[in-house]
Amino acid sequence: MSSAASEPIFADRLLNDWLASVGLGIEYSRAEANTLYFRDGSGREVPVLDHVCGFGSLIFGHNNPDIIEHAKSVLDEQIPVYVQLSRQSHANALATVLNAILRRETPSGDGDYAAIFANSGAEAVEICVKHAELERRARIVRLTDDVLRHVEEAREAVGAGRATVAETPYVQVGAARDDREKLEHLIAEIGRRNAELVAKGPVHLALENAFHGKLVATVQLTQNPHWRMPFIALSSSTRFLRADRPEEMKGAIEDLRESLLDILVADGAVTVVERDFPVIGAFFVEPVQGANGMRPLTEAAAREIRAVCDAVGCPLIVDEIHSGMGRTGAFLASSHMGLQGDYYTLAKSIGGGIAKNSVALFHQDRFRPEFEVLHSSTFAKDGFSAAIAMKVLEMLEADDGRAYRVAAERGERLMEMLTSVKADFPEVVDAVDGIGLMVALEFTDQTRATSDLIREKAGSGMLGYVVAGYILREHRIRVLPVGPAGNSVRFEPSVHLTDEDIARTESALRDVCAIIRDQDGDRLAPR
Ligand code: F0G
């Protein structure tokens with residue numbers, strides 16, 4: 001229903017105005033497979049080829065008939081959907097299937113991951129932030145307990161005259177009457193410094209241009225400053241590392257090191273020693289960086305990230321929210337680069353295109369069972385989304401993983417086409433990147449273009465959106481830029497992508513590339 005101009009608008013006022021300004025303000029009325037439909041002025045249904053496919057959440061397309069049929073049947077059966085704090089064996093059934101798949105695809109080959117279900121991708125990542133902090137806190141408690149024990153040992157040794165307090169660069173204990181008083185000064189000062197350190201939040205590691213969501217903690221793991229900076233005071237900080245410089249990673253975090261002060265009694269002397277303090281909470285990694293032009297991690301980067309986590313002792317969190325669930329030709333994109341995670345996150349396509357669902361998986365060696373009650377949500381683990389997830393997994397795994405092979409093959413065809421466009425328009429296309437049905441085409445820098453429109457839109461990071469608006473208007477194809485630096489277009493269609501879809505996309509891209517090459521900016525202008 002359209003509202004009269006004078007009616008107040010309560011939702012999406014700014015967003016809709018902006019969408020209209022770039023030619024994307026269309027309301028779709030129906031969707032199936034890779035096609036969206038809208039009604040034109042005369043009420044006729046107009047099909048649009050959808051390359052966005054729910055931001056990669058539709059591996060089996062819009063309203064997949066098998067998933068819809070399954071959804072209808074579980075609703076007809078009146079399955080319990082919300083029965084919190086009861087035995088919900090569907091959660092375990094789903095986790096069991098996920099573990100069987102992880103056993104096949106992770107380098108360690110074990111399937112021992114405890115599952116915590118949630119509602120959105122960002123919530124699953126947020127859960128990982130919380131769980132990693134539980135782990136870190138447990139390490140801190142072990143350390144501080146050690147210190148307390150050592151303090152008592154020192155008191156006993158000094159009290160019995162078996163030890164004296166040595167000079168230490170950490171604490172000035174000059175004006176003390178005797179060693180006992182000296183020791184108490186020392187203990188007080190160590191306690192004060194250690195308490196300061198223990199009270200500090202963790203620092204997280206992530207890759208430059210990462211996207212891990214927009215909740216309070218996750219937005220700090222998402223590098224884009226427009227989204228992150230307004231909320232920087234709300235959560236722990238992140239150190240962003242370059243995926244293309246793996247050899248620099250260890251050095252880049254060297255300055256994060258902090259030491260807890262401990263007391264040691266040896267050879268009749270009480271001395272102060274430094275103990276490594278767990279500053280780093282976790283390392284968050286997307287195996288294919290969506291917001292960074294669909295760039296897969298290199299094997300060298302994957303190896304170094306694992307080595308950093310092992311050296312620091314923090315969990316490696318493999319965020320497969322975008323890349324997982326078969327899109328790259330395997331269930332886990334990380335399996336392509338041999339990246340072993342301690343936690344995994346999944347979301348998007350696990351909802352089958354009709355439910356909201358996500359899950360965080362924790363290796364049993366690290367899982368803290370109390371977390372099952374420390375995190376919960378009214379809607380998580382519900383019977384409906386679990387039933388849909390089971391169906392999606394069954395469809396992915398059917399026929400010995402046919403869906404993965406189709407995703408890989410369709411992705412290769414799409415990539416071949418994009419590569420040929422790049423070859424024919426080297427002055428317009430900078431890069432084509434990605435894997436499987438998760439690819440992007442990046443335009444060359446147009447901030448010095450001779451066309452006013454192209455130059456201005458490139459300067460404001462809007463070129464990709466204007467290009468998307470043009471492709472939608474002229475070719476009836478829906479694409480969007482990757483991430484906020486809108487100098488690109490992304491393709492993440494379902495496995496139902498046809499050769500004809502790819503051919504149509506090719507002619508649309510060639511048309512746009514010719515416009516940019518010829519600096520014919522007026523043609524791109526939104527109407
Ligand atoms: N992690 C990754 C790798 C993602 O790609 C996303 C979302 C999230 C976490 C957050 O999930 O939206 O369900 O809370 N990516 C979308 C995108 C927004 O543009 O691909 P969410």
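Begin by selecting strands β16, β17 and β19, which form an open three-stranded sheet in that order with antiparallel pairing; strands here are DSSP runs of E of at least two residues, helices are runs of H or I of at least four, and both are numbered from the N terminus, while two strands pair if DSSP finds at least two bridges between them. β16 (429-434) and β19 (488-491) stand at the edges with a single partner strand each, so one side of each is left without a neighbour in the sheet. Neighbouring strands of this sheet are turned by 15 degrees against each other on average, with direction ignored.

Before going further, note that this is a predicted model, in which local features need pLDDT of at least 70 and side-chain atom pairs count only at pLDDT 80 or more, whereas totals for chains, interfaces and linings use all residues. Residues are numbered from 1 along each chain as its sequence is written, and side-chain values use heavy atoms, with hydrogens and water left out.

Next, select strand β17 (residues 439-443), which is joined to β19 by four bridges and runs antiparallel to it; in this pairing, Val 439 stands opposite Phe 491 in β19.

Now select helices α13 (residues 463-475) and α14 (residues 499-517), which pack at an angle of about 125 degrees with their axes 11 Å apart. That angle makes α13 oblique to α14, since angles under 35 degrees count as roughly parallel, over 145 as roughly antiparallel, 65 to 115 as roughly perpendicular and the rest as oblique. Show the side chains where they meet (contact means heavy atoms within 4.5 Å): Val 467, Tyr 470, Ile 471 and His 475 in α13 meet residues of α14 including Arg 504, Leu 509, Asp 511 and Ile 516.

Move on to the open sheet of four strands, ordered β1-β2-β3-β18, whose pairing is mixed. Its edge strands are β1 (30-32) and β18 (477-478), each pairing on one side only. Three bridges join β1 to the antiparallel strand β2 (residues 35-39), and Arg 30 stands opposite Tyr 37 in β2.

Finally, select the whole chain, which has 14 helices and 19 strands and whose C-alpha trace spans about 95 × 60 × 50 Å along its principal axes.

Terms used
Axes are lines fitted to C-alpha atoms, for helices over the stretch in contact, and angles run from 0 to 180 degrees between N-to-C directions.
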